Amino acid sequence: MERRVAIVGAGISGLLACKYVLEKGFRPVIFEAESEIGGLWNHTVETTKLQTAKQLYQFSDFPWPSSVKEDFPSANQVFEYVKSYATQFDLLRHIKFSSKVTGIDYQGASDEEIEAWDLWGGNGEAFGLGGKWNVTVLDLNSGSTEVYQVDFAILCLGRFSGVPNIPEFPTTKGPQVFQGNVIHSMDYSLMDNTTAIEFVKGKHVTVVGFQKSGLDIAAECAKANGVDRPCTVLYRNVHWYVTDYLPWGVSLGFLYLNRFSELLVHKPGEGLFLSIVATLLTPVRWAFSKFAESYYRSKIPMKKYGMIPEHNFFEQIVSCQLSTLPNNFYNKVEEGSIILKKSKSFSFCKDGLMVDEDDAPLKSDIIIFATGYKGDQKIKNIFTSPAFQDRAIGSPTTTVPLYRIFREYFESIHIGDEVPMACTLP
């Protein structure tokens with residue numbers, strides 16, 4: 001019997017899932033809320049570039065075109081590459097665009113039965129006890145709702161979209177008392193380039209947050225307004241950033257992106273042997289960090305602006321929070337079109353923000369929160385059952401390599417075999 005598979009999201013993970021589902025002889029349908037494929041690459045800040053060398057960010061069966069010469073392609077180049085992949089493997093015909101999944105429900109067992117399961121699907125078999133998934137889909141064009149019944153559901157929602165992470169404030173000190181505009185970086189990235197520039201042009205902009213989105217948005221605001229109306233970046237913690245990935249001519253991939261580097265890290269559930277190895281390699285971790293830090297401190301005026309982190313470079317890169325500085329970022333700091341301001345706390349007032357113990361407000365016309373997303377909440381919200389909501393996101397202290405679940409399941413099955421009821425891709 002031909003199995004029907006629902007895939008939520010037509011970003012890179014969703015397209016990959018669709019291709020491999022087809023290769024296994026199943027019948028996929030991708031539900032994409034947007035009118036275009038690409039996920040995040042469909043909506044990015046104009047100055048955004050790939051932060052991973054293209055050689056490490058490509059489909060194994062579809063290399064980058066020779067026309068892309070840059071090692072770190074622009075967002076538009078990445079988007080075109082992803083579109084070419086979908087066209088090459090004829091994936092577009094399996095996508096329902098402007099189709100937002102509003103709920104996923106499992107039919108075949110009660111929540112109480114599911115909670116009592118010790119094995120996947122109740123008995124350890126791929127399709128468990130023969131249940132089905134009911135996927136409720138809202139057509140964003142017509143407003144109509146339809147329920148699709150499938151054998152297998154793959155969530156390719158992504159962590160960096162959908163549910164913005166915005167700090168909470170007391171009623172009298174929140175955005176409602178501010179007379180200007182308050183948006184999230186998600187809203188800014190949804191604007192086309194012309195609209196985004198017009199939005200910030202001639203305005204005093206304060207960006208809250210100092211990771212990749214905050215860096216890129218601050219750079220765009222500085223470019224639009226110069227020193228006349230500098231962009232203020234409000235940040236709590238200092239991070240390591242890179243200008244390139246070749247410290248002293250040695251690739252960061254050689255230091256950190258290989259099999260040996262995996263031995264440097266203590267991992268959840270590691271055995272005694274790996275724990276001993278990681279401990280014995282502590283001096284190597286220290287040496288790698290100091291090597292990279294010495295280079296980036298020589299390239300970036302971190303000391304001058306009090307931007308040297310307390311943690312080492314190794315901790316930054318293994319946390320997957322290493323960001324690339326936009327071109328000439330610190331030149332803009334030097335000229336005064338970007339102002340860096342450290343803050344432990346802040347609140348809103350009529351004219352802007354009250355920062356820490358400052359007597360006067362930080363006057364602003366626009367506040368942009370570049371404070372990330374609630375990726376776990378996004379996954380949880382898509383399930384209607386509390387039992388699946390809890391199981392989908394797991395414990396806050398648990399790390400689950402979800403991409404391996406998908407890969408291992410589909411590498412182990414053959415056409416006609418049963419496959420797992422559901423899995424999630426980051």
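The model you have open is predicted.

Stop 1: Select the lining: Thr 44, Val 45, Glu 46, Tyr 188, Ser 189, Met 191, Asn 193, Ala 196, Ile 197 and Glu 220. Now select α4 (185-190) and α5 (193-200). These are the elements that give two or more residues to the lining of the largest cavity. Which of the elements gives the largest share of that lining? It is α5, with three residues.

Next, colour the lining by residue class. Five residues are nonpolar, three are polar and two are charged. Glu counts as charged, and the lining includes Glu 46 and Glu 220. Tyr counts as nonpolar, and Tyr 188 is among the lining residues.

**Stop 2: the sheet.** Move to the strands β14, β15 and β16. They form an open sheet in the order β14-β15-β16, with antiparallel pairing. Select β14 (346-349) and β16 (362-363), which stand at the edges.

**Stop 3: the β15-β16 pairing.** Select β15, residues 352-355. Two bridges join β15 to β16, and the two strands run antiparallel. Strands of a sheet pair through backbone hydrogen bonds, so show backbone atoms here. Then pick Gly 352 and look across to β16: the bridge partner there is Lys 363.

Note on methods:
Residues numbered from 1 in each chain as written. Predicted model: local features only at pLDDT ≥ 70, side-chain atom pairs only at ≥ 80, totals over all residues. Heavy atoms only, no water. Pairing = 2+ DSSP bridges. Helix = DSSP H or I, 4+ residues; strand = E, 2+ residues; numbered from the N terminus. 1 Å grid on protein atoms, 1.4 Å probe; cavity = no way out; pocket = protein on both sides within 12 Å on 5 of 7 lines; lining within 4 Å.
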